[in-house]
Amino acid sequence: MKLVRRDLVRNGPGSVKIVPVEDDDMWHAYNLISAGDMVQAVTVRKVLREMASGGRDAERVKLKLEIKVEAVDYDKEGSVLRIRGKNVMENEHVKIGQFHTLEIEPHRPFVLRKELWDWAALDVLHQACDPAASADLAVVLMQEGLAHLFLIGRSITTTRARVETSIPRKHGPAIAGYESALKKFFENVLQALLKHIDFKVVQCVVLASPGFTKDQFRDYLLLEAERRELRQIIENKSRLILAHATSGYKHSLKEVLDAPSVMALIKDTKAAQEVRVLKEFFTMLSNDADRCCYGPKHVEVAHERMAIQDLLITDTLFRNSDVETRKKYVKLVESVKDSGGTVYTFSSMHVSGEQLAQLTGIAAILRFPLPELEDIEM
């Protein structure tokens, strides 16, 4: 995301002008814009004109509008943000107070004004505008005839490519057809890899599959890289990691990231840190339940007693439409940090974030046991 202008006060009012550059930036913008904010952008609106003949003619005109946000909808597939609210800018075509929906897309600048730029909003802005905070882990999940390429960053897991090739059975006279179909499949996956993976950002690429598909693909990849002199593959072959997965579908992503051998190799990537702390929490829940808690009430009480070592919280709680609730969670996070605790903000677009959301979206690993938490109503 490109930051064109920044004019704001921390924990005070201000505005930023930003241009979303990539699809992932739409997710950052979605996390940044809340109900009650003002958004200004160029939009297209259908207006009716009176004709000389007495009839009416509909015409689409470009306007600059500023709306007070009431609802934000994120369309992941189309990478579009729809912001609905009331117009606050004088305009000949749209009255003040009239409803309008602004559509924000990549490469379309907009201005965002907030009454309060709190810790959560500034953190999202920093992540969005810092290229180093982009996806630094790639995973290729595959099975014969199907592959998915995922880019995993701190805030979002995106599916960058899906490759499907029909492969005949490996029996009898059909074996020649099998070999050529498999080769075609591997070639398509190789092209997806070259197109979507930037080794300046991606630290490692995990190739995962059931059986030997991943091994066969790696052999094909390295052979073709030498034959065609594909420098980006040859120079980064040490970053290719093999792992087991039960399928080529997205639900296998969690088991791949959970595997100890993979965790050891990707430990420095941002996604791995979240997976590790969540795993630690679930282990603690099974073995020493008094040293952890979840749910807003229990976490609040634990913090009052200065017991929180690690706070796990989903970004969904910062997008709450109720301003007071949002402020409460922002204050809690800042307070935990001030008292020496570590805060992990999980994205609802990650597998780990989905897991945490099932546990109310907030949990904590404690410095010391608090058995009395069990007696408090959730």
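Strands E1 (residues 2-8) and E2 pair with each other in the antiparallel sense, over six bridges. Some terms first: strands are DSSP runs of type E with at least two residues, numbered from the N terminus, and two of them count as paired if DSSP finds at least two bridges between them. This is a predicted model, where local features need pLDDT of at least 70, side-chain atom pairs count only at pLDDT 80 or more, and totals for chains, interfaces and linings use all residues. Residues are numbered from 1 along each chain as its sequence is written, and side-chain values use heavy atoms, leaving out hydrogens and water.

Back to that pair. Look for Leu-3 and you'll find its bridge partner in E2, Ile-18. The two strands make a hairpin with five residues between them, and Asn-11 in the turn has a positive phi of about 60°.

E2 (residues 14-19) has five of its six residues buried, meaning under 20% relative accessible area with a 1.4 Å probe, protein chains only. E2 also has five bridges to strand E7 (residues 110-114), running antiparallel. Here Ser-15 sits opposite Arg-113 in E7.

Now hop along to E8 (residues 137-143). Six of its seven residues are buried, so the rest of the structure largely encloses this strand. Seven antiparallel bridges tie E8 to E9 (residues 146-152), with Leu-137 opposite Ile-152 in E9. That hairpin has two residues between its strands, and Gly-145 takes a positive phi near 90°.

E8 pairs with E11 (residues 204-209) too, in the parallel sense and over five bridges. Val-139 stands across from Val-206 in E11.

Conventions:
Buried < 20%, exposed > 50% of the residue type's maximum accessible area, 1.4 Å probe, protein only. Helix = DSSP H or I, 4+ residues; strand = E, 2+ residues; numbered from the N terminus.
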